[in-house]
Amino acid sequence: MSAPGSVAAGVLELLAGRGQSLAVAESLTGGLVAGALTAVPGASRVLRGSVTAYATDLKRELLGVDGALLAAHGAVDAEVARQMAEGVRRVLGADWGIATTGVAGPEPQDGQPVGTAFVAVRGPGGAGEVRRLALAGDRDRIRRDTIDAVLALLLSELTENTRAQDTEQHGGNGCLQP
């Protein structure tokens with residue numbers, strides 16, 4: 001994977017060029033995604049803030065994740081990740097929200113093995129995606145790979161969103177027309 005700093009810089013540049021903002025919700029990464037973003041000079045033009053909701057009750061209370069979902073599936077779940085991303089987007093008033101949740105170890109959690117993580121992106125107009133990750137390595141490696149994955153997912157979503165807008169605005173073929 002690319003260095004998180006270069007992906008973070010690319011994401012921030014794309015968002016700044018669009019005049020859009022970003023918010024981050026983190027669980028297993030414990031603030032490291034926000035750290036990777038704020039390591040880029042000028043991040044304040046785009047980054048609204050972050051919420052590290054490590055405890056399950058904070059996911060519900062701060063981010064609005066459905067309590068019944070948390071009770072039924074635990075915090076390590078695709079829909080929980082999606083709701084975290086949407087919740088942080090709403091709570092912090094951002095155009096885009098990203099989220100991480102999962103199991104970095106040393107023990108399994110919520111019936112999920114160590115290395116299971118979910119990353120999510122939510123954006124304007126219902127844009128977004130959730131990915132399940134099956135990662136290997138120690139705790140630090142799992143957390144680093146999750147940071148890489150959520151930033152890469154956001155970058156992919158932003159570039160796909162740009163292509164879709166271009167197609168819509170320029171005749172349906174994705175090419176600029178004279």
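Me: How many residues apart in helix α6 are arginine 141 and aspartate 145, and what separation does that give them?

Reply: Good place to start! Keep in mind that this is a predicted model. Arginine 141 and aspartate 145 are 4 residues apart in helix α6, so about one helical turn separates them. These two form a salt bridge, with their closest N and O atoms 3.1 Å apart.

Me: Is arginine 141 buried or exposed, or something in between, and what about aspartate 145?

Reply: To read this, look at relative accessible area: under 20% is buried, and over 50% is exposed. Arginine 141 has 40%, so it counts as partly exposed. Aspartate 145 has 15%, so it is buried.

Me: How many salt bridges does the structure hold?

Reply: There are 6 in the structure. One of them pairs the side chains of arginine 60 and glutamate 61, at 3.3 Å from N to O. Here arginine 60 is partly exposed at 38%, while glutamate 61 is exposed at 53%. Arginine 131 also forms a salt bridge, with glutamate 129, and the closest N and O atoms are 3.3 Å apart. Both partners are partly exposed: arginine 131 has a relative accessible area of 35%, and glutamate 129 has 30%.

Me: Which residues are linked in a network of salt bridges?

Reply: Look for Glu86, Arg89 and Arg122, which are linked in this way.

Me: Which residues does isoleucine 98 contact, leaving aside neighbours within four places in sequence?

Reply: Its contacts include Leu22, Val24, Val33, Ala85, Val121, Leu151 and Leu154.

Me: Finally, the backbone. Where does a cis peptide bond occur?

Reply: Omega is the angle to check. The cis bond joins glycine 105 and proline 106, with omega at about 15°. Proline 106 lies in the loop between β3 and β4.

Me: What is the phi of aspartate 110, and where does this residue lie?

Reply: Aspartate 110 has a positive phi of about 50°, although it is not a glycine. You will find aspartate 110 in the loop between β3 and β4. This residue is partly exposed, with a relative accessible area of 38%.

Notes:
Residues are numbered from 1 along each chain as its sequence is written. This is a predicted model: local features need pLDDT of at least 70, side-chain atom pairs count only at pLDDT 80 or more; totals for chains, interfaces and linings use all residues. Side-chain values use heavy atoms; hydrogens and water are left out. Contact means heavy atoms within 4.5 Å. Helices (H or I, at least four residues) and strands (E, at least two) are DSSP runs, numbered from the N terminus. Buried means under 20% relative accessible area, exposed over 50%, partly exposed in between (1.4 Å probe, protein chains only). A salt bridge is a side-chain nitrogen of Lys or Arg within 4 Å of a carboxyl oxygen of Asp or Glu.
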